[in-house]
Structure formats: structure tokens, C-alpha cells
Amino acid sequence: MRVLHLEDSTNDAELVAAALASDGLICDLRRVETREAFVAALADPFDLILADFALPSFDGARAQALARDRQPATPFIFVSGTLGEDVATERLKSGATDYVLKHHLARLPRVVRRALLEAAERAARERAQEEIRQLNADLERRVTERTLELAAANRALRLAKEEAESANHAKSDFLSRMSHDLRTPLNAILGFAQLLELEQQDEASRDHVAQILQAGRHLLGLINEVLDIARIEAGQLPLSPEPVDVAEVAGHVLALIRPIADEQQVALVDRVAADGTHVMADRQRLRQVLLNLLSNAVKYNRSGGTVTVSAERSAAGRVRLLVADTGRGLPPEYAALLFRPFERLGAEQTDIEGTGLGLALSKGLTELMGGTIGATSTPGVGSTFWIELACVDAPAAGARDAAAVAPRPARATTSGTVLYIEDNSSNVRLFERIVRHRPAVQLLTAAQGARGLELAIGHQPDLIFLDLHLPDMNGEDVLHRLWAEDRTRRIPVIVLSADALPAQSRRLLAAGATGYLTKPFEIARVLELLDEVLSARTSD
């Protein structure tokens, strides 16, 4: 133990050292007599300071003050022969640890031990408090850092969300624009071809028109597949899942594909049992997937081959629909390429038509319906493609019963005034030709939305056909203004648009449109709408 002893008497210093040693306190004792020596000694650390109160050129009170400034944690004990009770009390209040009178040095070891113990406890408390302060400071620092990190992460998430929303909006705009720009010219091609089909009498002309319609509808199918794949990738393809009878859907699709199979001399075999098995699927999309698989099975088959459709239930509560053909089969290295867009797996070198989109679209649709799709193939033997969907209970009897509404027969006596708001001159000419099949119908046309609103107010037409993409305003704005105007609110409005997005159709119908037709439209459906709406207006 290192002890600094302020004492001018050598004899008293020795007595102090002896008293400590007698109790087993081994000390490295350094004695000083003057202020200068005391200040110099305080530069080194000590475990204990002992001080006389009265010295010739210095005193204990000032020594205590110096020690408090330089070594505040070191116990300070007065050892003096002249320290009165009042002075001792004052020194204790000023921070002295204790005091011992020189004629009671026997008390000194006990006082020193207590002082050292209290100092050690105080030091331990201070260390603990310092550790707590450090821990708190570290915690505050970590909280601050984490808060900053979370704030940065939130900003990044917000930016990512904004970018994703922007990308989704861009995809939606792209899909809408592509749908419009691709379908608009097809509307004129298919529309005029349908009119020619109605008007041509000789066999050669009808064959030419049939070729135009076949090519146009093939192109329309390709456009629909491309847009469907894009919608799946963008997460914008809505579905309407419901319990679907497997045998019913298989029978419907087989009936559709049978003329093509007969033409290519391919036999169709239906082995789907009519046992009421149902799967959870979107009815229209399930038909589309099966039609794709059956079309491929027939198209890539051999003359005199067979295509077999079957269904089997698994113990896991799933139903697997299989389409097996007796075609040329596929080598194993093609397995990884089967469901990639635009992959035709060597068929592009043959005269078999195709785009390589059907299987990619089928995969996307099947997975959207919660199912899986796959294939097995043996070269020279054939291929089997399958889809698996969740098996569900059949719906309650009568849940899907609905009276089929037969289309209203066309009547040449249909009369009234129709306003067509459309800026595309080819579509206007097509519509003029269509209306000629209803001689009693007067047709007004407007190439701009504002002009269309003027004609609607001025002529009070019985029916308005409205295009959405107009040069001066959006067709949706025209619809809103027609509804906002008392004089035009009751006029039925049929929206004609090349935009095939279902969300837009639902929004416009909710906004007041009577109907929504997607270009290219079927002329028979336009004539049917003319008859229905104008006849209803006349009867009113």
C-alpha cells in the first residue's frame, strides 16, 4: 500500500508507520514536510494520504484542498495531536475521510482499513456507474444508429415502392397503348373483311375473304397471347376462380378442336370420367390452357395419330389433367426450354404454324390458378402434357344455372339516330358500312370529343358509340360530361376501344357506360346492340 504522509516530525512519522505495521498493514510510506514537496508527491498515485493538521509553513486544511483537486478518490485522514472536535467536524464536512489523534494511534489501523474499504466500495460503485453510463451511451449510440439505418431503409423502401408503382403504371400504360395500337388497325382489317364476307357471292371471293379473316384472327390471337403474358408478368391479369367441372371443360375444348383434328386425321379420345370432379380454376383460363395443349397435341401429331385427354385424382387432394399425343416426341435436352416464350424447339424449321407463346402462357395461367404444369416425352413415341389443380367440392345444385339469352334477331326495321365519336377514319368508314345494314338508322360522326358533345346535346341521339382515344380529350372524360349534362344523361353509351384491359372495362361500366366492346369487334355483335338498344328506346 502506497501512503503519502504529510508530517514535519520524524519521530511522529515513525510512530505512525509502527502503528500500521503492528496491525499487518505493510506500507510504502513517503513522508513530506512542505507544500512544495506535497504538491510534487501528488503527481504520483497513492492508496492513502495521512496529514498532520499543523505544520510550521503549511497546514492540513490547505493540504486537504490540494489532495481533493488532484486525487479526489484517495482517502484523506488527519493524524494530529492538536485537532479539536470543531475543527475535526469541519474537516469531515469538507471531505476528509476520518481523523485520529496522535495519542490514540492504536485506532489508526482500524480507521485506515475502514477508509480503504469505503474507498474500494466507492471505486467499485463509480466503476459500475461508469459502466452503466458507457452502456447507456452505447445503447443511445446504437439506438441512434439503428434509427438512422431504419430511416434510411424506410427511405429506400419508399423509393423502391415509388419506383415499383411507377414501373407498374408504366407497364399499365404500355399494355394499354400496345393493346390500342395493335388492335386498332386489326379492327379495320377484320371489320371490312367481315363486311366483304357478308356481301360476296362467288366462291373465289369468299375464299379470299376467308383467308384474310383467318390471318387476321391468327394475328389477333398472337396479340392476345403477348398481352396476356405481359399482364401475368406485371401482375395485372385478374382471375375469377370457382369450382369447375373437369369433364365439362374437357368436353367443351375437345368439341372446339375436333374440326382441326379431323382435318389433320388425328383421332381425339376423351377419357375424362363424368363423375362430378371439380377443380378450383378460372373457367375461361382453364379452357384456354387446355385448348393450347390440345392444339399443340394435334398440330405436332402425325397423320393417323391420336390425342387422349384423361384426368386422375391424387391422394394430396389434387386433380391432374393429361393430354397425351402420338407425335414425334421431344429429346431430353428440350425439357428445360419447353415453357419459355418464343421457343419452338426446332418446329420453326418446319411448315407448322406457331409462335412459341402457347406453353409459356399456359404455364403462367396455370400457376396463377394455384396449379402446376409439366410434361414427359419420348422421342418417336409421343408426349404427355399435364396440369394439376386443387380438387374442390361441386357447387350447390342450381348455383350456375342461368337462362341463356339468345341474341336478338337482326331487324331491318330498326330505326333511330346513332352518334359515333371516333377520330380514326378507317374505323368511321367501317362503321358507316355496318350501319348500311340498318337503313332506317341515321349515323352522325364526330372526330373530336368536344364536337361529339355538341352533337349529343344538339341532336339527342338514341345511342352513342364512343372511342376512348380522341385527339382533344380522353373518351372517359366525354363519358363523364355526358353524364353530368341533364340533356344527355339518359342516352346509352357503348364504349368501343382497342384497350382490352378488364380493369378499364369494369371502371367505365361503373362510370355509366351501357356496354364495352373491344376492338376488333364482331360486326354481328354491333348489329345486335343496335337492334337491342334502339328497339328498347323506340318502345319507351
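How many aromatic pairs does the count come to?

Modeller: This is a predicted model. The count comes to 6 aromatic pairs. Start with Phe38 and Phe58. Their rings are tilted, with 55° between the planes and 6.1 Å centre to centre. Phe38 belongs to helix H2, residues 35–41. Phe58 sits in the loop between strand S3 (48–51) and helix H3 (60–70). The two residues are 20 apart, and their pair links distant parts of the chain. Both Phe38 and Phe58 are buried.

Now move to Phe339 and Phe385. This aromatic pair is edge-to-face. The planes make an angle of 80°, and the centres are 6.5 Å apart. Phe339 lies in the loop between strand S10 (318–325) and helix H9 (358–368), and Phe385 lies in strand S12 (residues 382–392), so the pair ties together parts 46 residues apart in sequence. Phe339 is buried, as is Phe385.

Rings also group beyond pairs. Phe53, Phe76 and Phe78 make up one aromatic cluster.

Charges come next. Arg2 places its charged end over the ring of Phe46, 4.5 Å from the ring's centre. Arg320 lies over the face of Trp386, and here the distance to the ring centre is 3.7 Å.

Definitions and conventions:
Residues numbered from 1 in each chain as written. Predicted model: local features only at pLDDT ≥ 70, side-chain atom pairs only at ≥ 80, totals over all residues. Heavy atoms only, no water. Phe/Tyr/Trp six-rings, centres within 6.5 Å; stacked < 30°, edge-to-face > 60°. Helix = DSSP H or I, 4+ residues; strand = E, 2+ residues; numbered from the N terminus. Buried < 20%, exposed > 50% of the residue type's maximum accessible area, 1.4 Å probe, protein only. Lys NZ or Arg CZ within 6 Å of the ring centre and 35° of its normal.
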